[in-house]
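The following report describes one structure in plain terms. Please look at the sequence and the model before reading on.

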Protein chains: 2
Amino acid sequence: MKIAIIGGTGDIGEGLALRLAQQNDVIIGSREAAKAQEAADGYNKLLKERGMRDGIRGMSNEEAAKNAEVVILAVRYQFAVPTVQALINAGALKDQIVITPIVPMSKQKLCSFTPAAQYGSATKECSAALPEGVRLVSTFQSLPAPRLADLDDKLGFDVIVCADDEEAKKTAMKLAEQLGDIRALDGGTLAEAGLIESLTPLLINLAIKNKTKPLSIKFV
Amino acid sequence: MKIAIIGGTGDIGEGLALRLAQQNDVIIGSREAAKAQEAADGYNKLLKERGMRDGIRGMSNEEAAKNAEVVILAVRYQFAVPTVQALINAGALKDQIVITPIVPMSKQKLCSFTPAAQYGSATKECSAALPEGVRLVSTFQSLPAPRLADLDDKLGFDVIVCADDEEAKKTAMKLAEQLGDIRALDGGTLAEAGLIESLTPLLINLAIKNKTKPLSIKFV
């Protein structure tokens, strides 16, 4: 599958690129193509050293999306809608599956994140901004970036997937399970994604307060 | 420890009573003392049959609270504040630790619960209604009632505990770990309890959609 990771040069983008590249053709997107290429080179080097499948490419966000069947918006909340708008303006979004792992979240105190309930849901905002024909999936919010980027980490998490389109949901669930020891669970429709967006500040706060490694979630 | 379970005749109250009775003196509270006594008799019979510690008593909600160091509000969201008010009016709340496992939640469709964000947080409302000197703890929301009531279930969950008073938080964390194979995690202050209240509709929805047993949570 051809996957573009918009904003794939950092945070959750790195782990997604490294892991998805094992069974897919991954393109890193960035606002500057050169920066994307640089990140792709770094990721490929790392994968080669481990004897793993590489071939990650780097492009501008727009070119990356144009060349992909699945577009992952690995950008911060404040860049979510502007990024979608820029992709639309460039004619880069037509009939792809778009995945949002974006979490509206603000750091209130040194060690306390709260879900930005006042902002609403990133999924809802992306959904409103996307043209018809593009199928949105909301997932991956609960994946801790540093553990995803550590290829020795087997993960062992559950990932919740919300979408209105069943085929798009199934595709995202398959991709989730390619990331490692991951069970993908059906979280319902996009309207229900606010619940999974609010898991992320909870996970971050719990890890800080209880002095654990970055935490993810398993439903038992 | 002397523990009153207000509304302890059903739902989460049953499992809490059966399990906490092993190391504590548990009193079931109900609006009708006779109903509380009847529930207590049933629980004691069940415990005796299994050769476990019994001695659960039944009283009116007010008498139960008056005789306890820890008061668990095992009532539905719509009865939360009225129940607290009734206890205050009867002079039954002075310096106890009060635990709220209450979740504001509404059933929207046949198989979809949403957190009643429009209602705010049950913890916040209970906190505002309680007199000074009473220390509130918000926890146990993510415990599935049927699994808690099944004494063969080892659980194996994490439970998040939020409180402003550190001693009250530690007491509740200790009680949580007496319920079974449970790890109690510090969830911060009462202001942060909205996050854990919203886990419950997520857990219920996931279990329905993915056709699993009732689910709880483990942070990994």
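## A covered helix in chain B

The buried residues of α1(B) are I12(B), G13(B), E14(B), G15(B), L16(B), A17(B), L18(B), R19(B) and L20(B). A residue is buried if 20 or more other C-beta atoms lie within 10 Å of its own, exposed if 12 or fewer, and partly exposed in between, with C-beta atoms placed from the backbone. Helix α1 of chain B spans residues 12-20, and nine of its nine residues are buried. The elements that cover them include β1, β2, α2, β4, α6 (145-149) and α7 of chain B. Helices (H or I, at least four residues) and strands (E, at least two) are DSSP runs, numbered from the N terminus.

This is a predicted model, in which local features need pLDDT of at least 70 and side-chain atom pairs count only at pLDDT 80 or more, while totals for chains, interfaces and linings use all residues. Residues are numbered from 1 along each chain as its sequence is written, and chains are lettered from A and ligands numbered from 1 in the order in which they are written.

## The sheet of chain B

Eight strands of chain B form an open sheet with mixed pairing, in the order β3-β2-β1-β4-β5-β8-β9-β10. Two strands pair if DSSP finds at least two bridges between them. The edge strands, β3 (57-60) and β10 (181-188) of chain B, each pair on one side only. On average, neighbouring strands of this sheet are turned by 25 degrees against each other, direction ignored. Axes are lines fitted to C-alpha atoms, for helices over the stretch in contact, and angles run from 0 to 180 degrees between N-to-C directions.

Helix α7 (residues 166-178) of chain B packs on the sheet and makes about 170 degrees with the direction of β9(B). Helix α2 (residues 33-49) of chain B lies across β2 and β3 of chain B, at about 165 degrees to β3(B).

Within the sheet, strand β1 (residues 2-6) of chain B has four of its five residues buried. In β2(B), I27(B) stands opposite A4(B), and I28(B) stands opposite I5(B).

| Strand pair | Sense | Bridges |
|---|---|---|
| β1(B) and β2(B) (residues 25-30) | parallel | five bridges |
| β11(A) and β11(B) (residues 217-219) | antiparallel | three bridges |

## Where the chains meet

The second pair joins a strand of chain A to a strand of chain B. There, I217(A) stands opposite F219(B). How many residues of chain A are in contact with chain B? The count is 26 residues of chain A, in contact with 26 residues of chain B. Two residues are in contact if their C-beta atoms, placed from the backbone, lie within 7 Å. On the chain A side, α9(A) gives the most, with six residues. The residues of that side divide into 14 nonpolar, eight polar and four charged. Ala, Val, Leu, Ile, Met, Phe, Trp, Tyr, Cys and Pro count as nonpolar, Asp, Glu, Lys and Arg as charged, and the others, Gly among them, as polar.

## Two helices of chain A

The axes of helix α4 (residues 80-89) and helix α5 (residues 122-129) of chain A come within 9 Å and cross at roughly 20 degrees.
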